[in-house]
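Grab a pencil and work through these exercises with the model open beside you. Each one sets a task and then walks through a solution.

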Amino acid sequence: MYENEIVLAGSGHGGYVALKSLQAKFDSVVLLSEDLDLINELREEDKITDSLVQMVDSTIVCASYMKLIPHSILEKNTVINTHPSLLPKYRGIHSLAWAMINREEVVGFTIHLVNEYIDDGDILSQFSVSVGKKNSKEIMDIFDNYVMDNLGSVVKEYLRGNITPIKQDESEASWCCRRNLNDCLIDYNATYDELEALFRVLVPPYPYPILKTQVGTYYVINAVLIMDKTVMHSGRVVNIKGSKVYIKTKGAILVVDKLKNLDTGEYIQAKEVFRLGERIA
């Protein structure tokens, strides 16, 4: 049985920066993860576990941990979560992507206590950043730096009684769900602003934007949006110039160049896929 331990349940880049931040403030950390990159970062004094069930009077920190914590664990331990939104807005999964798609001018990151509801617990710390022209990867990097620099201190100060949790304002709450590949399909009836936001979201590690033709489905690796309010068929190839293909959308011209076939993984120039005047949608 693990008692009075500092535990990290996590994975990926979010789990990595959380582990480093906790290691900087605590002599020992217990890790619950199948991520080998995290496991390889454990110190000699750290431990590894395959379950939270045996935790008692411990502090469990969740970072990119996708499982719900059972009530039986919540009632025996203090559980803290890291969440990439300004709670209570955008509770749920892929919060940053949804916030950017909704063209929020300011996004943020929250460290909060966990209760039996999704991202509903009292707030311990928040950090905000102006979106501007940043893409999702640039904002995630800023969030990672915030976690690296602050998570360990927030956890330690809360356990010392120096942080008073703040209840979330339920009147401001909103929720979002997991995105999938179909959500990456380009909508040719979207406005310029909607497409511009989508393209800033869909950069690695997210999938690239996707377009479908009669002969295949492709990631759009290189593209430029040109504002164009001309009324014309949306989803139609209006120009081919050099390696670039110009596709009309509701409020813009989408200029695509390099593509990647979803089925074969092959990189290809857009001019090899499209015909002038072709209707894509």
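## Exercise 1: a helix under cover

Helix 6 (residues 192-201) has 7 of its 10 residues buried, so it is largely enclosed by the rest of the structure.

Before going on, a word on the ground rules. This is a predicted model, in which local features need pLDDT of at least 70, side-chain atom pairs count only at pLDDT 80 or more, and totals for chains, interfaces and linings use all residues. Residues are numbered from 1 along each chain as its sequence is written, and side-chain values use heavy atoms, with hydrogens and water left out.

**Task.** Work out which residues of helix 6 are buried and what covers them.

**Solution.** 
- Step 1: sort out the words. Buried means under 20% relative accessible area, exposed means over 50%, and partly exposed is in between, using a 1.4 Å probe and protein chains only. Helices are DSSP runs of H or I with at least four residues, strands are runs of E with at least two, and both are numbered from the N terminus.
- Step 2: list the residues. Leu195, Glu196, Ala197, Leu198, Phe199, Arg200 and Val201 are the buried ones in helix 6.
- Step 3: look at the cover. It includes helix 4, helix 5, strand 13 (217-220), strand 14 (223-227) and strand 17 (252-256).
- Step 4: zoom out. The protein chain has 6 helices and 19 strands, and 48% of its 281 residues count as buried.

## Exercise 2: two loop residues

**Task.** Find out where arginine 43 and lysine 76 are placed.

**Solution.** 
- Step 1: arginine 43 is in the loop between helix 2 (36-39) and strand 4 (47-49). With a relative accessible area of 23%, arginine 43 is partly exposed.
- Step 2: a polar atom of the arginine 43 side chain lies 3.1 Å from the backbone oxygen of phenylalanine 26. Glutamine 23 is 20 residues from arginine 43 in sequence, and 8.5 Å from it in space, C-alpha to C-alpha.
- Step 3: lysine 76 is in the loop between helix 3 (71-74) and strand 7, and at 34% relative accessibility lysine 76 counts as partly exposed.
- Step 4: lysine 76 and methionine 55 are 21 residues apart in sequence and 7.5 Å apart in space, C-alpha to C-alpha.

## Exercise 3: the largest pocket

**Task.** What volume does the largest pocket have, and which residues lie nearest its centre?

**Solution.** 
- Step 1: define it. On a 1 Å grid over the protein atoms alone, a pocket is an open set of points where a 1.4 Å probe fits, with protein on both sides within 12 Å along at least five of seven lines; lining residues have an atom within 4 Å of a point.
- Step 2: get the volume, meaning the space filled by probe spheres set on the points, with grid points joined across faces, edges and corners. The largest pocket comes to about 1000 Å³.
- Step 3: read the lining. Of its 38 residues, Ser64, Tyr65, Met66, Pro84 and Gly92 lie nearest the centre. Elements giving two or more residues to this lining include helix 1 (12-25) and strand 7 (78-83).

Note on methods:
Polar contact = N/O pair within 3.5 Å; in protein donor to acceptor, adjacent residues only side chain to side chain. Contact = heavy atoms within 4.5 Å.
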